[in-house]
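Hello,

Here is the structure I promised to pass on to you.

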Amino acid sequence: MPGPDSRPAAPPMPDADTQCAGFRQARLARKTALIEDYVELIDDLLNDGQEARQVDIAARLGVSQPTVAKMLVRLEADGLVTRRPYRGIFLTGAGQEMAQASRERHHTVEQFLRALGVSEANARIDAEGMEHYVGAETLRAFRHALEAGLAAFMTSAGKRHDD
């Protein structure tokens, strides 16, 4: 049985400012992730030619209709959606911008994971959570790697494991 001294040495702690920035970014991402998910889903439903109705949002997010109703009140107060009686939910200009930005982040993360060899299904699922936590610099690096041929490199290196 290994003793307490057999653990690998932990890397040194980052300086306080760097660590604080990381925690701050994670808190902000947690705060906005749910809002972005709702806005992106509403946009997806509308772009698919469907109405964005409370019942549809609840079914796709796997939450109750009262939960959706509470979030719609918040989204409306934040100026991201409008609701019309008997007509469903619509995005404002700000809501459309948020949905587009979220979709672009999602697409970049998903394509990066696919280039690494992650299966399509798992890349889609993982990107759904990761997209909210990836910063602008990291997204630029992902895009650069993709444009530089990451997928081809991974294939030639034998590191892809598509399922």
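This is a predicted model: local features need pLDDT of at least 70, side-chain atom pairs count only at pLDDT 80 or more; totals for chains, interfaces and linings use all residues.

**What I found**

Arg7 counts as exposed, because its relative accessibility is 67% (exposed means over 50% relative accessible area, buried under 20% and partly exposed in between, with a 1.4 Å probe and protein chains only). Arg7 lies in the segment before H1 (helices are DSSP runs of H or I with at least four residues, strands are runs of E with at least two, and both are numbered from the N terminus).

Residues are numbered from 1 along each chain as its sequence is written, and side-chain values use heavy atoms, with hydrogens and water left out.

**The cores**

The largest nonpolar core has 18 residues, and Val39, Ile42, Ile57, Leu75 and Ile89 are the ones that touch the most other members. By nonpolar core I mean a set of buried Ala, Val, Leu, Ile, Met, Phe, Trp, Tyr and Cys residues joined through side-chain atoms within 4.5 Å. At least two residues of this core come from each of helix H1 (16-47), helix H2 (54-61), helix H3 (65-77) and strand E2 (88-91). H1 gives the most, with six residues. A second, separate core has twelve residues, among them Val109, Leu113, Ala115 and Phe142.

What does Val39 touch, once its neighbours within four places in sequence are left aside? Val39 is then in contact with Leu75, Leu80, Leu91, Gly95, Met98 and Ala99, where contact means heavy atoms within 4.5 Å.

**The rings**

There is one aromatic pair in the structure. Phe112 and Phe142 are stacked, because their ring centres are 3.8 Å apart and their planes are at 5°. The cut-offs here are centres within 6.5 Å for rings of Phe, Tyr and Trp (its six-membered ring), with planes under 30 degrees apart counted as stacked, over 60 as edge-to-face and the rest as tilted. This pair links distant parts of the chain, with Phe112 in helix H4 (residues 93-116) and Phe142 in helix H6 (residues 136-147), 30 residues apart. Phe112 is buried at 15% relative accessibility, and Phe142 is buried too, at 13%.

**The hairpin**

Strand E1 (residues 81-84) and E2 run antiparallel and are joined by four bridges; strands pair if DSSP finds at least two bridges between them. Arg83 has Ile89 as its bridge partner in E2. Three residues lie between the strands of this hairpin, where Tyr86 takes a positive phi near 65°.

**The salt bridges**

How many salt bridges does a search of the whole structure find? It finds seven, taking a salt bridge as a side-chain nitrogen of Lys or Arg within 4 Å of a carboxyl oxygen of Asp or Glu. Here are three of them:

- Arg103 and Asp43 meet at 2.9 Å, N to O. They link helix H4 to helix H1 across 60 residues. Arg103 is partly exposed at 22% relative accessibility, whereas Asp43 is buried at 10%.
- Arg83 pairs with Glu76, with the closest N and O atoms 3.1 Å apart. Arg83 is partly exposed at 33%, and Glu76 is partly exposed at 33%.
- Glu110 pairs with Arg124, with the closest N and O atoms 3.7 Å apart. Glu110 is in helix H4 and Arg124 in helix H5 (residues 120-130), 14 residues apart. Glu110 is buried at 9%, whereas Arg124 is partly exposed at 47%.

Salt bridges also link Asp43, Asp44 and Arg103 in a network.

Best wishes
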